[in-house]
Amino acid sequence: MSAMSEEHGPDCTCGCHDYEHEHEHEYGHEHHHEHGHEHHHHDHGAAHEREVDLGWASTILESHVHDQAATVSATVRAQAEAAKSFEALVAALKLIAQRVESAGGIVGHIKAYARSGESFAHASVTDAQLAPACEGDVNLVLGPDVQCQLVVIALLVDLDVLEGIVLESLA
Amino acid sequence: MEGKPNVIILSGFLGSGKTTALVRMVERLREREGADFRIAIVENEIGSASVDSSIIQEAGYSVTEMLSGCVCCTLIGQLIPALQKLEEELEPHLVILEATGVATPDSMANNLVKYGGYTVRIVTLVDASRWQRIKVALQILLTAQIEPADIVCVNKVDLAEPDVLEEIDADVHAINPDVPIVRLNASEPVDPALLDEIVGD
């Protein structure tokens, strides 16, 4: 886990607290959060981008860690002869959620969007135990003319583990 | 247009329903304030693909994207220049900034107020459907999202039992004692009066 709280000394020069947590809100009350020298650090890993052949589609995969969140973004373009429906992709998203939880992780958000001409479809998964939330035409066929994007964000799971889960589930 | 636009920071954990709520809020503001009321929407995503922007665009609104980072930390230096550019191009009356699900809104608000001169309202969404599962594991982050909120919206109330909703109210008020709490299911039409309470005046 990359987020951590640390005690800093009184002459700390860590640069994490260049501002005071004081500002006025619309309601007119004033917040003044004195966080002292306890800090919540945000760690960020370098992004990796690569092209992966899923068998039925090619995908540009980008992955990185942001704070506690392992993040995998994918742009999927199906091959004509092996096209799947968006509904099949939604099943894969649910499988990703199940595998993240089995690996001890917490699903942050798994979401996908596809558009073809006037048709679009959108799916959102936040929990392996809940049904995916879908909008639009889930029967949309993910052919080569369809731009399909998905994002998988999970916590308490290593990035390479998450990448493996995503690729295995989408294959 | 004279003066700075107000800014609403829409905060909340990943998957709490921020984008759906944003669309409801914009629909209501358009209805309440009329077609001349200009709203700029800024989408911040930690991923390199913005699914949320596509959803908002499907609803008929244009979006400014800030991807692959978070405006509370890695992209913090880009936030005010992005808003200043929006001011020049669109002259909005209101900017709605949808934060990433791991963002801490206090640092954003402080930056906008101190260095940009904006008036900021923080709206934080809480996901009722999985509050009990994440509240301990993600306590630091959830606290940082609720603590500075001007209003907390408990979303997906249709997926939680009444005793869980009571528990959420108590947990939220333990973090931010005076914050107003509203309950909604943003995936369905929302009472305009409730949306007015969320977006403020």
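A contact here means heavy atoms within 4.5 Å. The model is predicted: local features need pLDDT of at least 70, side-chain atom pairs count only at pLDDT 80 or more, and totals for chains, interfaces and linings use all residues. Residues are numbered from 1 along each chain as its sequence is written, chains are lettered from A in the order in which they are written, and side-chain values use heavy atoms, with hydrogens and water left out.

**Stop 1: B:Cys153**

Select B:Cys153. This residue is found in strand S6 (residues 151–155) of chain B; strands are DSSP runs of E, at least two residues, and helices are runs of H or I, at least four, both numbered from the N terminus. B:Cys153 has 1% relative accessibility, so it counts as buried (under 20% relative accessible area; exposed is over 50%, partly exposed in between; 1.4 Å probe, protein chains only). Now show its neighbours. Leaving out residues up to four places away in sequence, B:Cys153 touches B:Val123, B:Thr124, B:Leu125, B:Val126, B:Val182, B:Leu184 and B:Ile198.

**Stop 2: helix H4 of chain B**

Select residues 105–116 of chain B. These twelve residues form H4, which reaches 15 Å from first C-alpha to last, close to the 16 Å expected (1.5 Å times one less than the number of residues). Nine of the twelve are buried, so H4(B) is largely enclosed by the rest of the structure. Among the buried ones are B:Met108, B:Leu112 and B:Gly116. Step on to B:Gly117, which follows the helix: its phi is positive, near 70°.

**Stop 3: the interface of chains B and A**

Show both chains. The contact takes 50 residues from chain B and 45 from chain A. Together they bury about 3700 Å², 58% of it on carbon and sulfur atoms (accessible area, 1.4 Å probe, lost on being put together, summed over both parts).

Zoom to B:Asp52 and A:Lys111. Their side chains meet in a salt bridge, 3.0 Å from N to O (a side-chain nitrogen of Lys or Arg within 4 Å of a carboxyl oxygen of Asp or Glu). The rule finds five salt bridges across this interface. Colour chain B by element: those giving two or more residues to the side that touches chain A include H2 (51–58), H4 and S5 (120–127). H4(B) supplies the largest share, six residues.

**Stop 4: chain A**

Finish on chain A. Two helices and 13 strands are there. Of its 171 residues, 46% count as buried. Among contacts with a separation of 6 or more, 61% join residues 24 or more positions apart.

Conventions. Buried area is the accessible area (1.4 Å probe) that two parts lose on being put together, summed over both.
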